[in-house]
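I opened the model to look up a few local features. My notes follow in the order in which I took them.

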Amino acid sequence: MSTGSKTLSITLCASLAAGCANQGVNNQFLGSLAGAVAGAASGAAIGGDWKGALVGAAAGAALGWATAKLLEYNSTQVRSEDNDRQIYGISERVASPLVKVRKGSSSPAQIRAGDQVRVVTDYSVMLPQGMTDADVNESWVLKKDGKVLSEIPQQHVKRTGGGWEAIASIAIPSNAQPGTYVVEHKVQTGTSYDTDESVFVISPV
Amino acid sequence: MDNRWRSAAVVAALLVFNHGTQADGPCEREQSRSRETALRINQEWPQHPSNHELSRYIQSLGERLGRISPSGRAIPWRFSVLRDHSPYAFAIGSGFVYVADGAFSFVRNESELAAILAHEIGHQLAGHFCEPELPAGGRYDPSVIRRDSVGTLVQVIDPKKEVEADQYALDILREAGFDPRAMLEVAKRLSVHSSSDLGQPENWRVLAIQNRLRNSRFVRSGIQDSNEFRRLKERISDH
C-alpha cells in the first residue's frame, strides 16, 4: 500500500467519524425507501434482462450473427477484502452489498472471424458486516455500431468480499463482419450493478 | 396543536423569508468535508460516466432546478447517477447530489423526478451542510433523530430538516414549471413503501406538504414530460 493511499484511508475514516451530521441531512426520503422496494426493483431488473436478451438475439440474427458461444469460463479471487479496502480507500462497511467493476478487458485486441476472444472482468464485491457472501451475476454483451449482437449466458455465482476476476472465452462466429466490436462487462448483486466496456477488432480476411 | 405540527408550521413560515441562506455558496468546512466524501463515493460506488446520456440529463435538469433561486446560482451543482436499481438520492454538500438510476423506474413522470432532485437541492439551499456537526450538548436526541446507512455513509436523519427541504422543493418545482403536487405524490408513495417513520399514516412530511399545498396557489395541470425524459425512462425500464 502506498503512503498516498494510507493517508487517504485515514482522512476518510476521520471524515466519517466527524461528518455524520453533515451526511445526516441527506435523505431519509429515498434512502429509507430503498430497502422496502429493493425486491420489486430486482424483479423488474431481471425482467428487463430477459427482455433485453430477446431483443439482443433478434438484432444479432438480423445482422447474420449466430449466438456467440461461451467456450470456457472461470473465475478467481484476485484481492482479499482487506486488499481491496486498502487499495480503494474503503474505510467503512457498506450497508448493503455493492459491486464495482474495476476494469473490463478483451484480448487479443485484433482477431479474425471464427477466432476466440478472451474477456476479463475485474470487480470488487463489498459486503455489509456479518455477511459472508452474496449472489452475483456476471454477464457480457457483444455490440457493434451500438446494436446488441449477442448476450453470453449469465454466470450466477456466490462471492465473498474482495476483488474477483471473471474470465470467459467466447467463440466469434465465422460470419462476423470486420470492424470494431464492443464488449459490455456487467456485474450485479442485489440492486447494485456496474458495467465497463472493452473493444476488439475483427480484421478483414 | 401537536408539537410536531407546530414545528412544521414554524419551519414552513420561516421558509418564506429564508431563501438565500447560502447566498455566498458552501462554507469552508462544508467544502472540505464534501470533497472527501465525493472522493470516497467515487472509489466505492458504481456510477454512470458523466458523459452518459442519463448523467447529462440529470445534470441539466438538476442545474435548471438548482439555479431557480438567486442563492442557488452561487452553487456549483454536480449531479451524479449511481448504478443501483433501488430508488434513492442523497446530497453531501457543496452542490454534490447523487441519484440512483432506480429513481427513474420509481417515478411516474418528470415532475416526480424533479421533486426528488428539488428535495436534495432544498437541503443545500437551507444550509444544512454548513451546520455544526453535533447539536449543543454533544449528542442527538435519539427519539427524534434517526441514524441510517447508505453505502458506507452514515445519515443522521432530522425530520425537521427533511420537512424544510421539502418546503424548498415545493417552491423550486413551482418556479421551474413542474407540478408541485409531485412532491406530495412521491412522499405518499414513499410512506406506503417505507419501513421508516414515513410508514406511519400521520407522518409530518406528508402532512406538512399537504398543508403547504393547501395554503398556496401551487396547483398546475397539464404538464407534459419532456421527450428526453420519456426516452430515458423507457430505456431504463428495458434494462
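I began with Leu117(B), which, leaving aside its neighbours within four places in sequence, is in contact with Leu61(B), Gly62(B), Leu65(B), Val97(B) and Val99(B). Two residues are in contact if their C-beta atoms, placed from the backbone, lie within 7 Å.

I note the conventions here: this is a predicted model, in which local features need pLDDT of at least 70 and side-chain atom pairs count only at pLDDT 80 or more, while totals for chains, interfaces and linings use all residues. Residues are numbered from 1 along each chain as its sequence is written, and chains are lettered from A and ligands numbered from 1 in the order in which they are written.

Helices (H or I, at least four residues) and strands (E, at least two) are DSSP runs, numbered from the N terminus.

**Helix pair in chain B**

I checked H6 (residues 159-176) against H8 (residues 204-214), both of chain B: they pack at an angle of about 30 degrees, with axes 10 Å apart. Axes are lines fitted to C-alpha atoms, for helices over the stretch in contact, and angles run from 0 to 180 degrees between N-to-C directions. H6(B) and H8(B) are therefore roughly parallel (angles under 35 degrees).

From H6(B), I listed Pro159(B), Glu162(B), Val163(B), Asp166(B), Gln167(B) and Leu170(B), which meet Trp204(B), Arg205(B), Ala208(B), Ile209(B) and Arg212(B) of H8(B). The residues of this contact divide into six nonpolar, one polar and four charged. Here Ala, Val, Leu, Ile, Met, Phe, Trp, Tyr, Cys and Pro count as nonpolar, Asp, Glu, Lys and Arg as charged, and the others, Gly among them, as polar.

**Backbone in loops**

I found a cis peptide bond between Ser107(A) and Pro108(A), with omega about -5 degrees. Pro108(A) is in the loop between strands S2 (98-107) and S3 (110-111) of chain A.

Ser94(B), a residue other than glycine, has a positive phi near 55 degrees. Ser94(B) is in the loop between strands S2 (89-93) and S3 (96-100) of chain B. Is Ser94(B) buried or exposed? Ser94(B) counts as buried because it has 23 C-beta neighbours inside 10 Å; the cut-off for buried is 20 or more other C-beta atoms within 10 Å, C-beta atoms being placed from the backbone, with 12 or fewer for exposed and partly exposed in between.

How values were computed:
Parallel < 35°, antiparallel > 145°, perpendicular 65-115°, else oblique.
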